[in-house]
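Open the structure in your viewer and keep the selection panel at hand. The stops below run from the whole chain to single residues.

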Amino acid sequence: MNGHARGFVVLLDQGGPADPPGPPGPPGTRQAGDPAIPVWAWHLLAALYDGQDEPAAESWALRAHAVLELLDGPVDFRVVHAWHADVVLPMLAEATTRRGRSSRPYEAPARLHAAAAAGERHDRATWEAALEPALREVYRHAYATAEAGETAYVNARAYAVANGYDEAEADRYGRRYADLSTDAGVRVFSDANAVANARATAAAYTTADDRARAWAFWGARVHAYARAGAVGSADGGTDPAAERSAAYGRLAEGLLDALSK
């Protein structure tokens, strides 16, 4: 592994450079942190690296570095649109279908991303209108429902026991409280994140300023995509951790494919 590749992996492990310095070098000689890799791209790369197991993450990072070294210029923002159209949205639609829910919220963003990857432009209002329902579905399934429900149940049951409920009554009280609080938590979490992310992402999609694009919560959204793309055992999936790992792998490989085209 050469020094440039090692530096690239180290930066990914640190979450990427806050503000990459220096002028771009020619293909094959770029330093890690080169502005040919915009901040928004660093955020994507670092989140995908972080989501993978250590051996797979380093192997992927080295392959990403090799792909980036071959680019003739800065990373083209259309890569983001191609990645969403070809990888992210199909994965999310499949996961939603496996849960028995409609994948229609992903149809409008899929059309817009495919068109944007081909060079078409759309205004911010159009993007926001398409993104918000899709992101609401993403964050609904990215919410740590099982963990939140278990915590609420344990605490509510303990409260009931401390206040004289018998075992059966305490169990019913705990489960009822967990259901109500978790449903409310999902709604608040998905609504708030959908609105905030739709606005920030639509702004990023309608500007040519790479620095402005960096403010679109790329890393957080990658993690939400992976959680939403992992169907847990309660919804007919396999081991949740294995599904989440597979989702990160699919997203990571898909980004490399988009960068390579």
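What percentage of the 261 residues of the protein chain count as buried? The figure is 44%, where buried means under 20% relative accessible area, exposed over 50%, and partly exposed in between (1.4 Å probe, protein chains only). This is a predicted model, in which local features need pLDDT of at least 70 and side-chain atom pairs count only at pLDDT 80 or more, while totals for chains, interfaces and linings use all residues. Residues are numbered from 1 along each chain as its sequence is written, and side-chain values use heavy atoms, with hydrogens and water left out.

**Whole chain.** Colour by secondary structure: the protein chain has eleven helices and zero strands. Helices (H or I, at least four residues) and strands (E, at least two) are DSSP runs, numbered from the N terminus. Show the surface next; its accessible area is about 12800 Å², with 53% belonging to carbon and sulfur atoms. Accessible areas come from the Shrake-Rupley method with a 1.4 Å probe, and for residues only the protein chains shown count as cover. Of the contacts (heavy atoms within 4.5 Å) between residues at least 6 apart in sequence, 71% join residues at least 24 apart.

**Helix α10.** Select residues 218-229. Nine of the twelve residues are buried, so α10 is largely enclosed by the rest of the structure. Among the buried ones are W218, R221 and Y225. Their cover includes α2, α4, α6, α8, α9 and α11.

**Salt bridges.** The structure holds eight of these, each a side-chain nitrogen of Lys or Arg within 4 Å of a carboxyl oxygen of Asp or Glu. Start with R250 and E94, whose side chains meet at 2.9 Å, N to O. R250 lies in α11 and E94 in α4, so the pair ties together parts that are 156 residues apart in sequence. Go on to R98 and E243, which meet at 3.0 Å, N to O. This pair also links helix α4, holding R98, to helix α11, holding E243, across 145 residues. R98 is partly exposed at 44% relative accessibility, whereas E243 is buried at 10%.

Then select R136 and D191, a salt bridge of 2.7 Å, N to O. R136 is in α6 and D191 in α8, 55 residues apart.

**A85.** Move to helix α4 and pick A85. A85 counts as buried because its relative accessibility is 18%. Its C-alpha atom is separated by 5.4 Å from that of H113, 28 residues away along the chain. Leaving out residues up to four places away in sequence, A85 touches P90, A110, H113 and A114.

**Q52.** Select the loop between α2 and α3, where Q52 is found. Q52 is buried, with a relative accessible area of 13%. A polar atom of the Q52 side chain lies 3.0 Å from the backbone oxygen of L48. Beyond four places in sequence, Q52 touches A57, W60, Y248 and A252.

**Tyrosine patch.** Finish with Y159, Y165, Y173 and Y177, which make a nonpolar surface patch of about 410 Å². Patches are made of residues with over 30% relative accessible area and no salt bridge; like charges are joined within 9 Å, and nonpolar side chains (Val, Leu, Ile, Met, Phe, Trp, Tyr) within 5 Å. Y165 sits in the loop between α7 and α8 and is partly exposed at 34%.

Terms used. A polar contact is a pair of N or O atoms within 3.5 Å; within protein, one must be able to donate a hydrogen and the other to accept it, and residues adjacent in sequence count only if both atoms are side-chain atoms.
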